[in-house]
Amino acid sequence: MAINWFKYSSPTTFYGLAGKMIPWFAIPAAILFAIGLYMGFFVAPVDAQQGEFYRIMFIHVPTSILSMFFYLIMAGYAALGLIFNTRLSAMMASAIAPTGALFTLISLLTGALWGKPMWGAWWIWDARMTSQLILLFLYFGFIALHASIDEPRRADRAAALLAIVGSVNVPIIYFSVKWWNTLHQGSTIKFSGTSMQITMQHTLLTMTIACWLYAIAVVLARVRSIILERERKTDWISELPEVRS
Amino acid sequence: MKKSTMLGLLVLVIRRDLVLAMRRRADVLTTLIFFVMVVSLFPLGVGPEMDMLRKMAAGVLWVAALLSSMLSLGRLFSADYLDGTLEQMMLAPQSLSMLVLGKMAAHWMVSGLPLVLMAPVLGLQFDMSVQALGVLMVGLLLGTPILSMVGAIGAALTLGLRGGGVLLSLLVLPLCIPVLIFGTGAVEAVTSGLSIASHFALLGALLILALVFTPWVTAQALRISME
């Protein structure tokens, strides 16, 4: 049986599919968030060194991991859009950007909230925090460039090129910031050597999956809005039941 | 018509842009004056203690160089875009990447090189040692071309947009952070008696990387902006 791989690469078909997929990601995300938060607040034991404050980690670590990861996914979709000239890929890239920026922001804020009691300062020019801040700038650049070009096709392609250039730069920036930090004798507090308790690991895993599923659901919902907005002049949109009513 | 080689084309574009820049000397000077002014504002802002100024000199000069190169980037393609020359360049049978490289080189000579030459004078205001000044200059010499080249991508992407100047800085400045780090790192290394070889090697590597990829990427960006 021949599978048409490109069937869902058109906004028309993907719009319906995305609508059907959203509950499959949103509901498990809500359940896992509930479980993860319960475990994080009540089940996971108090840390010997950090006391109660370490619980911030359960939201800080998943958002930090995903923020960097989403930039690469976004750049991947952007590259697909440039190579195959598929409109949907570009729409996906611009749907991912706000979620990626949000996760980066959450990761920075929770980092600051954790840093105050632990390091005694809201902000430390630690290599990871600094590169996270730069990542936020890169997300802002992508969103700002896309927003300031009126013609959607040019906006998609220009932002896509920027995302690709940015993703090539991400490792360079990361390592340069790391070396800069060791040069300037940054903070000496590190996580190395501390083995995590098994409940904490499970909680962290649950929260990571929950964040991931939430992000997918939100991105799908956002891409549906983008499709509606961009294709509003087409016939199939005007025949949709939710548009007609 | 004489058959133009790649190198001939490059020289032609550079010469043309330099002539154009010399006809509007005020633009070149404004960038330079901006650089001097930003650097001179720092001691007024943080106080005249020489120990502190000596420590921050390299960082201040580099950040000021970064900002003033952003200032001139908007002009890289805009004049040619407005009078239609850019469109003709894209229709030309010669490689657009080569033309872009020529424009980048000319832009650096007009906006980057003056900063490199001006930097030691400003460094003296911050009481930098002769050795540190030399390292700063070599660092700027290696680094400012990268700023022009990476900046050209941003200039091409924001071509003809409203509020392009601010947007351009927003896009390009994060990408220039590694240059800033290694450029200031070299000065810091020499003042604390460490080897500067690694910093210059990394700056050189970035320069080569930019030299290979940015003209092509900028050409693609121009095609996106012009279609």
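**Close-ups of a two-chain model**

**View 1. Phe42(B) on its helix.** Phe42(B) sits in helix α2 (residues 25-46) of chain B; helices (H or I, at least four residues) and strands (E, at least two) are DSSP runs, numbered from the N terminus. This is a predicted model, where local features need pLDDT of at least 70, side-chain atom pairs count only at pLDDT 80 or more, and totals for chains, interfaces and linings use all residues. Residues are numbered from 1 along each chain as its sequence is written, while chains are lettered from A and ligands numbered from 1 in the order in which they are written. From Phe42(B) to His107(B) you go 65 residues in sequence and 27 Å in space, C-alpha to C-alpha.

**View 2. Chain B as a whole.** Chain B has 10 helices and 0 strands. Its radius of gyration (taken over C-alpha atoms) is 18 Å, close to the 17 Å from the globule rule for 227 residues, so chain B is as compact as a globular protein of that length. That rule is 2.2 Å times the number of residues to the power 0.38. Along its principal axes, the C-alpha trace of chain B spans about 60 × 35 × 30 Å. Of the 227 residues in chain B, 47% count as buried.

**View 3. Where chain B meets chain A.** Here 20 residues of chain B are in contact with 22 residues of chain A (contact: C-beta atoms, placed from the backbone, within 7 Å). Which helix of chain B gives the most to this side? That's α9(B), with 6 residues. By class, the side of chain B touching chain A has 15 nonpolar, 4 polar and 1 charged residues. Nonpolar means Ala, Val, Leu, Ile, Met, Phe, Trp, Tyr, Cys and Pro; charged means Asp, Glu, Lys and Arg; the others, Gly among them, are polar.

**View 4. Two helices crossing in chain A.** The axes of α2 (residues 57-84) and α4 (residues 127-148) of chain A come within 11 Å and cross at roughly 40 degrees. Axes are lines fitted to C-alpha atoms, for helices over the stretch in contact, with angles from 0 to 180 degrees between N-to-C directions. α2(A) and α4(A) are therefore oblique to each other (under 35 degrees is roughly parallel, over 145 roughly antiparallel, 65 to 115 roughly perpendicular, the rest oblique). Ser64(A), Ser67(A), Met68(A) and Tyr71(A) of α2(A) make the contact with Gln132(A), Leu135(A) and Leu138(A) of α4(A).

Notes
Two residues are in contact if their C-beta atoms, placed from the backbone, lie within 7 Å. A residue is buried if 20 or more other C-beta atoms lie within 10 Å of its own, exposed if 12 or fewer, and partly exposed in between; C-beta atoms are placed from the backbone.
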